[in-house]
Amino acid sequence: MKQEKTQGELLKEKLFLKRENAGMLLSQEELDRADAFCEPYKEFLNQSKTEREATAYTISLLEQQGFVPFDPTHKYTAGDRVYYNNRGKALIFATMGKKPLSQGVKLLISHIDSPRLDLKPNPLYEELELGLFKTHYYGGIKKYQWGALPLALHGVICRKDGKKIQVSIGEDEGDPVFCVTDLLPHLGAEQMKRPLREGLKGEELNVLIGSRPFKDDKASEKVKLNLLRILNEKYGVVEADFLSAELTMVPAGPARDLGLDRSMIGSYGHDDRVCAYTSYAATVEVTAPEMTVVTVFADKEETGSNGNTGLNSDFVRYFIEDLAAPYGIPGRQVLSNSKCLSADVNCAVDPTFQDVNEKRNVAYLNQGVVITKYTGSGGKSGTNDASAEYLWEVRSILDQAGVIWQTGELGKVDFGGGGTVAKFVSYMNVDTVDLGVPVLSMHAPFEVVSKTDVYMTYRAFKAFIEA
Ligand code: MN
Ligand code: MN
């Protein structure tokens with residue numbers, strides 16, 4: 001016999017905040033849709049190991065969807081689709097809405113750079129008849145995680161003659177890979193006494209790239225010589241060309257399904273290509289929005305958003321001004337009426353390291369897209385802190401669209417912290433809040449997300465721009 005619910009149980013149902021697993025809430029059909037949604041996302045990850053590759057690959061997708069290069073002298077009308085490529089490293093794409101720009105735009109802003117090992121300007125050397133690259137890490141990494149791991153070389157070299165060479169070695173099955181070597185445990189006694197942050201020190205992140213000497217009796221540094229010979233034959237470069245290059249080592253290999261149930265994806269660079277891809281997917285599906293939709297892929301977030309392809313630059317502001325100028329609308333009027341989702345990941349609570357999070361205010365894997373009211377550190381230092389009014393607006397949109405969402409803080413109070421582009425968006429007088437996918441092992445060479453969370457993030461972006 002079915003028991004009636006008690007008054008207390010009914011009241012609790014009515015009053016308490018619920019945390020629910022998307023795997024329970026969604027029908028099998030919806031779960032299948034979430035899984036299917038993630039297949040092209042994995043391809044996006046594989047094609048986008050750097051911000052340059054993410055930009056180029058996204059442009060190739062956008063052009064198939066009718067987006068054309070932005071012309072600041074043109075007066076665009078509803079349904080027009082444009083993109084603006086900022087130096088091949090950051091991207092803005094927009095679909096013009098039916099409402100006038102004076103009422104503002106809907107902004108989705110993610111970042112497409114991820115932590116990695118950049119090559120130094122003079123990287124190549126030979127030591128003990130081995131060829132190596134010196135690196136300078138980019139973004140917040142735990143350096144010890146980058147040893148004894150297959151790495152791929154990506155980037156560009158601007159040769160002395162002005163030709164720009166694209167480099168990608170280590171992703172195809174037949175390609176060689178590279179690695180940072182680590183000490184054998186047998187001789188690691190002293191190393192193991194180091195604090196973990198120095199398990200591998202910055203100047204120990206040297207990448208092994210070759211070992212066979214050039215056959216010659218007289219020349220010295222024959223391994224280095226042989227490596228330069230190979231690079232010269234393949235790309236026409238000489239050692240001085242490294243100075244005008246942006247080369248980087250990233251974990252080699254494709255994104256993989258994770259778990260016996262294939263419910264998750266393990267990959268390099270989910271932070272923040274997962275929000276980039278989901279915002280892209282939502283943007284291209286909305287062909288006739290009410291408000292103009294402006295989607296931004298920013299560079300340099302992992303190093304503080306500085307540089308002209310980062311959000312601390314004025315390139316988004318200039319784009320908005322240019323878009324509105326033919327209508328005689330000042331950019332500041334557009335921006336002051338605009339709404340933004342700062343699309344970035346947050347940490348998911350890890351069963352093995354629960355202590356760093358406060359369990360009532362942390363995101364859980366599979367509980368949907370995470371809204372992060374504020375980031376920062378200490379007493380909310382260095383963060384945008386979204387207003388109650390704006391959070392109500394976003395929450396209403398998600399609830400009406402049936403999106404599964406949760407809130408999350410980045411760790412316990414005073415345990416550390418971090419930031420996103422949200423504060424730079426707020427500098428433009430735009431309402432903004434952080435929203436994105438919860439991630440396990442954030443900033444590691446192999447990060448983990450759940451497929452239902454990825455799908456809910458896409459649904460959140462779509463609901464936001466359709467609202
Ligand atoms: Mn991020
Ligand atoms: Mn990050």
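Predicted model: local features only at pLDDT ≥ 70, side-chain atom pairs only at ≥ 80, totals over all residues.
Residues are numbered from 1 along each chain as its sequence is written, chains are lettered from A and ligands numbered from 1 in the order in which they are written, and side-chain values use heavy atoms, with hydrogens and water left out.

Let's begin at the metals. A donor here is an N, O or S atom within 2.8 Å of the metal (3.2 Å for Na, K and Ca), and water is not among the atoms, so sites may look incomplete. Helices (H or I, at least four residues) and strands (E, at least two) are DSSP runs, numbered from the N terminus. His111 is buried, at a relative accessible area of 1%, and Asp344 also counts as buried, at 8%. Buried means under 20% relative accessible area, exposed means over 50%, and partly exposed is in between (1.4 Å probe, protein chains only).

Now for the other ion. The manganese ion (ligand 2) is held by Asp271 (OD), Glu302 (OE), Glu302 (OE) and His443 (NE2), at 2.0 to 2.6 Å. Its donor residues are spaced D-x30-E-x140-H in sequence. Which residue bridges the two manganese ions? That's Asp271, and the ions lie 3.3 Å apart. Asp271 lies in helix H6 and Glu302 in the loop between E14 and helix H7 (315–324), so the pair ties together parts that are 31 residues apart in sequence. Both Asp271 and Glu302 are buried.

H6 is mostly covered, with 15 of its 16 residues buried. Ser279 is in this helix too, and counts as buried at 0% relative accessibility. A polar atom of the Ser279 side chain lies 2.9 Å from the backbone oxygen of Ala276. Leaving out residues up to four places away in sequence, Ser279 touches Leu108, Ser110, Thr295, Phe297 and Phe461, where contact means heavy atoms within 4.5 Å.

From there we can turn to the rings. The structure holds 17 aromatic pairs. Rings of Phe, Tyr and Trp (its six-membered ring) pair if their centres lie within 6.5 Å; planes under 30 degrees apart count as stacked, over 60 as edge-to-face and the rest as tilted. Take Phe44 and Tyr277: their ring centres are 5.3 Å apart and their planes are at 50°, so the pair is tilted. Phe44 is in helix H3 (residues 28–47) and Tyr277 in helix H6 (residues 270–285), 233 residues apart. Both Phe44 and Tyr277 are buried.

Phe93 and Phe297 make another pair: with ring centres 5.3 Å apart and planes at 85°, they are edge-to-face. Phe93 lies in strand E3 (residues 90–95) and Phe297 in strand E14 (residues 292–298), so the pair ties together parts that are 204 residues apart in sequence. Phe93 is buried at 0% relative accessible area, and Phe297 is buried at 0% as well. Phe44, Tyr277, Phe93 and Phe297 are among the members of one aromatic cluster, which also includes Tyr41, Phe67 and Tyr458.

Arg116 lies over the face of Tyr138, 3.9 Å from the ring centre, and the charged end of Lys380 sits over the ring of Tyr374, 4.0 Å from its centre. The test is NZ of Lys or CZ of Arg within 6 Å of the ring centre and within 35 degrees of the ring normal.

Last stop, a loop. Pro176 is found between strand E8 (164–169) and strand E9 (179–180), and is partly exposed, with a relative accessible area of 48%. Pro176 touches Ile169 and Gly170, not counting residues up to four places away in sequence.

Key. Polar contact = N/O pair within 3.5 Å; in protein donor to acceptor, adjacent residues only side chain to side chain.
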